[in-house]
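Subject: Structure for you to look at

Hello,

Here is the structure I said I would pass on. Please open it first and then read the notes below it.

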Amino acid sequence: MEEKDFEIVTDSEERIARNSGKKVLVIIMRCLFGCFGVDKFIMGCKKKGTEDLITGLIIVASPIVSLLLFLIPIVGMGFYAMALFFISLVNIIRYIYFLITGIKMISLTPREIAEKYERMI
(Lines give C-alpha, C1' and ligand atoms only; values in the text may rest on other atoms or scores of the structure.)
Protein backbone atom coordinates (compact mmCIF):
# COMPACT_ATOMS: atom_id res chain seq x y z
CA MET A 1 0.00 0.00 0.00
CA GLU A 2 1.31 3.42 -0.95
CA GLU A 3 1.94 6.04 1.67
CA LYS A 4 0.30 9.33 0.76
CA ASP A 5 1.47 12.70 1.98
CA PHE A 6 -1.26 14.78 3.46
CA GLU A 7 -0.84 18.49 3.62
CA ILE A 8 -2.17 20.15 6.74
CA VAL A 9 -4.06 23.31 5.86
CA THR A 10 -4.92 25.77 8.58
CA ASP A 11 -8.11 27.85 8.65
CA SER A 12 -6.04 30.94 7.93
CA GLU A 13 -4.47 29.43 4.80
CA GLU A 14 -7.85 28.20 3.63
CA ARG A 15 -9.37 31.70 3.96
CA ILE A 16 -6.40 33.23 2.14
CA ALA A 17 -6.82 30.79 -0.73
CA ARG A 18 -10.57 31.38 -0.88
CA ASN A 19 -10.28 35.19 -0.78
CA SER A 20 -7.33 35.60 -3.14
CA GLY A 21 -9.63 35.69 -6.19
CA LYS A 22 -11.49 38.80 -5.04
CA LYS A 23 -8.77 41.34 -5.88
CA VAL A 24 -10.65 43.52 -8.37
CA LEU A 25 -13.85 43.63 -6.33
CA VAL A 26 -11.99 44.49 -3.11
CA ILE A 27 -9.99 47.29 -4.78
CA ILE A 28 -13.13 48.84 -6.28
CA MET A 29 -15.05 48.60 -3.01
CA ARG A 30 -12.08 50.04 -1.06
CA CYS A 31 -11.88 53.04 -3.40
CA LEU A 32 -15.64 53.71 -3.47
CA PHE A 33 -16.98 52.52 -0.11
CA GLY A 34 -13.88 51.95 2.03
CA CYS A 35 -15.02 54.42 4.66
CA PHE A 36 -17.99 52.14 5.35
CA GLY A 37 -15.89 48.95 5.60
CA VAL A 38 -17.49 47.21 2.61
CA ASP A 39 -14.12 45.78 1.50
CA LYS A 40 -13.57 44.27 4.94
CA PHE A 41 -16.99 42.58 4.92
CA ILE A 42 -16.20 41.06 1.51
CA MET A 43 -12.95 39.62 2.85
CA GLY A 44 -14.62 38.25 5.98
CA CYS A 45 -13.33 40.78 8.54
CA LYS A 46 -16.70 41.31 10.19
CA LYS A 47 -15.42 42.96 13.39
CA LYS A 48 -13.22 45.53 11.63
CA GLY A 49 -15.89 46.07 8.96
CA THR A 50 -18.51 46.76 11.63
CA GLU A 51 -16.21 49.29 13.31
CA ASP A 52 -15.67 51.10 10.00
CA LEU A 53 -19.39 50.99 9.19
CA ILE A 54 -20.37 52.54 12.52
CA THR A 55 -17.66 55.20 12.26
CA GLY A 56 -18.68 56.02 8.70
CA LEU A 57 -22.36 56.30 9.57
CA ILE A 58 -21.61 58.55 12.54
CA ILE A 59 -19.51 60.87 10.40
CA VAL A 60 -22.10 60.97 7.62
CA ALA A 61 -24.96 61.53 10.09
CA SER A 62 -23.12 64.30 11.97
CA PRO A 63 -24.09 67.10 9.54
CA ILE A 64 -27.74 66.14 10.02
CA VAL A 65 -27.36 66.37 13.78
CA SER A 66 -25.57 69.71 13.49
CA LEU A 67 -28.41 70.96 11.27
CA LEU A 68 -30.89 70.03 14.00
CA LEU A 69 -28.75 71.94 16.50
CA PHE A 70 -28.90 74.93 14.19
CA LEU A 71 -32.66 74.91 14.54
CA ILE A 72 -32.35 75.54 18.26
CA PRO A 73 -32.45 79.35 18.61
CA ILE A 74 -29.65 79.51 21.19
CA VAL A 75 -27.16 77.89 18.83
CA GLY A 76 -26.23 80.30 16.10
CA MET A 77 -25.20 79.91 12.49
CA GLY A 78 -21.54 80.10 13.50
CA PHE A 79 -21.68 76.79 15.37
CA TYR A 80 -23.47 75.07 12.50
CA ALA A 81 -20.99 76.38 9.95
CA MET A 82 -18.00 75.32 12.07
CA ALA A 83 -19.41 71.86 12.76
CA LEU A 84 -20.28 71.31 9.13
CA PHE A 85 -16.83 72.45 8.02
CA PHE A 86 -14.93 70.13 10.38
CA ILE A 87 -17.17 67.15 9.72
CA SER A 88 -16.83 67.68 5.97
CA LEU A 89 -13.07 67.95 6.37
CA VAL A 90 -12.97 64.63 8.24
CA ASN A 91 -15.10 63.03 5.51
CA ILE A 92 -12.86 64.33 2.74
CA ILE A 93 -9.72 63.10 4.51
CA ARG A 94 -11.26 59.65 5.04
CA TYR A 95 -12.35 59.37 1.40
CA ILE A 96 -8.89 60.42 0.16
CA TYR A 97 -7.21 57.92 2.50
CA PHE A 98 -9.33 54.99 1.29
CA LEU A 99 -8.94 56.05 -2.35
CA ILE A 100 -5.14 56.19 -2.05
CA THR A 101 -4.90 52.86 -0.21
CA GLY A 102 -7.23 51.29 -2.78
CA ILE A 103 -5.04 52.53 -5.63
CA LYS A 104 -1.93 51.22 -3.83
CA MET A 105 -3.57 47.79 -3.63
CA ILE A 106 -3.51 47.51 -7.43
CA SER A 107 0.21 46.65 -7.28
CA LEU A 108 -0.37 43.83 -4.77
CA THR A 109 -0.95 40.24 -5.78
CA PRO A 110 -4.29 38.65 -4.87
CA ARG A 111 -2.52 36.55 -2.22
CA GLU A 112 -0.92 39.64 -0.63
CA ILE A 113 -4.32 41.34 -0.45
CA ALA A 114 -5.88 38.25 1.15
CA GLU A 115 -3.00 38.07 3.67
CA LYS A 116 -3.45 41.76 4.51
CA TYR A 117 -7.11 41.21 5.38
CA GLU A 118 -6.29 37.97 7.18
CA ARG A 119 -4.19 39.97 9.68
CA MET A 120 -7.32 41.99 10.56
CA ILE A 121 -9.30 38.93 11.62
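**A buried arginine**

Arginine 30 sits in helix α2; helices (H or I, at least four residues) and strands (E, at least two) are DSSP runs, numbered from the N terminus. Setting aside neighbours within four places in sequence, arginine 30 is in contact (heavy atoms within 4.5 Å) with Asp39, Lys40, Tyr97, Phe98, Thr101, Gly102, Met105, Lys116 and Tyr117.

**What kind of model this is**

This is a predicted model, in which local features need pLDDT of at least 70 and side-chain atom pairs count only at pLDDT 80 or more, while totals for chains, interfaces and linings use all residues. Residues are numbered from 1 along each chain as its sequence is written, and side-chain values use heavy atoms, with hydrogens and water left out.

The pLDDT is the predictor's confidence in each residue, from 0 to 100. Its average over the chain is 79, and 78% of the residues score at least 70. Among the elements of the chain, the highest mean pLDDT, 89, belongs to helix α3 (residues 38-42). The lowest, 71, belongs to helix α1 (residues 11-19).

**The chain as a whole**

The chain has six helices and zero strands. Read from the N terminus, its elements are α-α-α-α-α-α. The chain has 121 residues, and 29% of them count as buried. Of the contacts between residues at least 6 apart in sequence, 61% join residues at least 24 apart.

**How α2 meets α6**

How do helix α2 and helix α6 pack? Helix α2 (residues 23-33) and helix α6 (residues 110-118) pack at an angle of about 55°, and their axes are 10 Å apart. Axes here are lines fitted to C-alpha atoms, for helices over the stretch in contact, and angles run from 0 to 180 degrees between N-to-C directions. The crossing of α2 past α6 is left-handed (the near helix is turned anticlockwise from the far one by less than a right angle; clockwise would be right-handed).

On the α2 side, Lys23, Val26, Ile27 and Arg30 take part; they meet Pro110, Ile113, Lys116 and Tyr117 in α6.

Methionine 105 lies in the loop between α5 (77-104) and α6. Its relative accessible area is 1%, so methionine 105 is buried. Leaving out neighbours within four places in sequence, methionine 105 is in contact with Lys23, Val26, Ile27, Arg30, Ile113, Lys116 and Tyr117. Methionine 105 and lysine 23 are 82 residues apart in sequence, but their C-alpha atoms are 8.6 Å apart in space.

**Two glycines**

Glycine 34 is in the loop between α2 and α3. With a relative accessible area of 1%, glycine 34 is buried. Apart from neighbours within four places in sequence, glycine 34 has contacts with Met29, Asp39, Asp52 and Phe98. From glycine 34 to leucine 53 there are 19 residues along the chain and 9.1 Å between the C-alpha atoms.

Glycine 56 belongs to helix α4 and is buried because its relative accessibility is 2%. Beyond neighbours within four places in sequence, glycine 56 is in contact with Cys35, Phe36 and Arg94. The C-alpha atoms of glycine 56 and glycine 37 are separated by 8.2 Å, with the two residues 19 apart along the chain.

**Cysteines**

A disulfide is a covalent bond between the sulfur atoms of two cysteines. How many disulfides does the rule used here (a pair of cysteine sulfur atoms within 2.5 Å) count? The count is zero.

Are cysteine 31 and cysteine 35 buried or partly exposed? Cysteine 31 is partly exposed, because its relative accessibility is 22%. Cysteine 35, at 4%, is buried.

Threonine 55 lies in helix α4 (residues 46-71) and counts as partly exposed, at 33% relative accessibility. The C-alpha atoms of threonine 55 and cysteine 35 are 8.1 Å apart, and the two residues are 20 apart along the chain.

Regards

Definitions and conventions. A disulfide is a pair of cysteine sulfur atoms within 2.5 Å. Buried means under 20% relative accessible area, exposed over 50%, partly exposed in between (1.4 Å probe, protein chains only).
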